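This report examines how side chains pair with one another in a protein model.

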Amino acid sequence: MEVPRTPEKPMNYGIGADANPKKHESKIGIKQQTAVSPALSMLKNKTLSNTIATRQVAFLCQDGVSHASVVKMKTALQKAGAIIKIIAPHLGTIATEEGNVLVVDQSYLIAASVLFDAVFIPAGEGIALLKENKEVIEFVNDAFKHCKIIAAEGEGITVLSSTNALNNGKSSDNGVLLSQETKSKFANSFIAAMGHHRFWEREEKI
């Protein structure tokens, strides 16, 4: 970037409340200094791998979540190398519908979708209440907008009905995975989809 030999005049670029901004624009032509690098483009260099090692996966939970749903998916993803974070309305612990206790990693007040590679909403009688949680809806919609893989089981599908991830009760695209039951095959499908990192075809529709 070329550095001017002398400061541009006038030094004060303040614009009056009723002034025309165009009359206060810089007289020096500003050119784009950053060249486009195809090698750094996520769209032109799509991730196609059989590994999900180090991928961060958000489990959206709350009291009444299915312990079986969480444990089966968590075990499968961790075995494949992913990192799981349990997110709930509050820190500490939550009670599952079977009477077990799950330790919470983050609350919805601080969790951000941009920090995760994929989202999973487990089954459980209490999970349906999340469809009324604004932070959860925003979390899922942001993940959907950023073309991330989203999966839901059982009552978790009800939560997606309040988001852009479902269209007339069905998956908006192949990057949204649904299962009415907790099955090992579903975990395998989720892992396979995460191997592509993002569902880029979605970007053309949103």
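## Salt bridges

Two salt bridges are found when the whole structure is searched. The model is a predicted one.

One of the bridges joins Lys-145 to Asp-142, with the closest N and O atoms 3.9 Å apart. That distance qualifies because the cut-off for a salt bridge is 4 Å. Both residues belong to helix α2, where a spacing of three residues separates Lys-145 from Asp-142 by about one helical turn. Lys-145 has a relative accessible area of 49% and is therefore partly exposed. Asp-142, at 23%, is partly exposed as well.

## A bridge between distant parts of the chain

Another salt bridge is formed by the side chains of Asp-173 and Arg-202, at 2.7 Å from N to O. Here the partners are 29 residues apart and come from distant parts of the chain. Asp-173 is located in the loop between β9 (170–171) and β10 (176–179), while Arg-202 is located in the segment after α4 (184–194).

Are these two residues buried or exposed? Asp-173 has a relative accessibility of 9% and so counts as buried. Arg-202 is also buried, since its relative accessible area is 0%. The reasoning rests on a cut-off, because a residue counts as buried under 20% relative accessible area.

## Aromatic pairs

The search of the whole structure also gives three aromatic pairs. In one of them, the ring centres of Phe-59 and Phe-120 are 4.9 Å apart, and the planes stand at 65 degrees, so this pair is classed as edge-to-face. The angle decides the class, because planes over 60 degrees apart count as edge-to-face. Phe-59 is in strand β1 (residues 56–60) and Phe-120 is in strand β6 (residues 118–121), so the pair links distant parts of the chain, 61 residues apart. Phe-59 counts as buried at 0% relative accessibility, and Phe-120 likewise counts as buried at 0%.

A further pair consists of Phe-116 and Phe-139, whose ring centres are 5.9 Å apart and whose planes are at 50 degrees, so the pair is tilted. Phe-116 lies in the loop between β5 (106–107) and β6, and Phe-139 lies in helix α2 (residues 134–145); the pair therefore ties together parts that are 23 residues apart in sequence. Phe-116 is buried at 3% relative accessibility, and Phe-139 is buried at 5%.

## An aromatic cluster

Which residues do ring pairs link into a cluster? The cluster consists of Phe-59, Phe-120 and Phe-190.

Note on methods. Residues are numbered from 1 along each chain as its sequence is written. This is a predicted model: local features need pLDDT of at least 70, side-chain atom pairs count only at pLDDT 80 or more; totals for chains, interfaces and linings use all residues. Side-chain values use heavy atoms; hydrogens and water are left out. Rings of Phe, Tyr and Trp (its six-membered ring) pair if their centres lie within 6.5 Å; planes under 30 degrees apart count as stacked, over 60 as edge-to-face and the rest as tilted. Helices (H or I, at least four residues) and strands (E, at least two) are DSSP runs, numbered from the N terminus. Buried means under 20% relative accessible area, exposed over 50%, partly exposed in between (1.4 Å probe, protein chains only).
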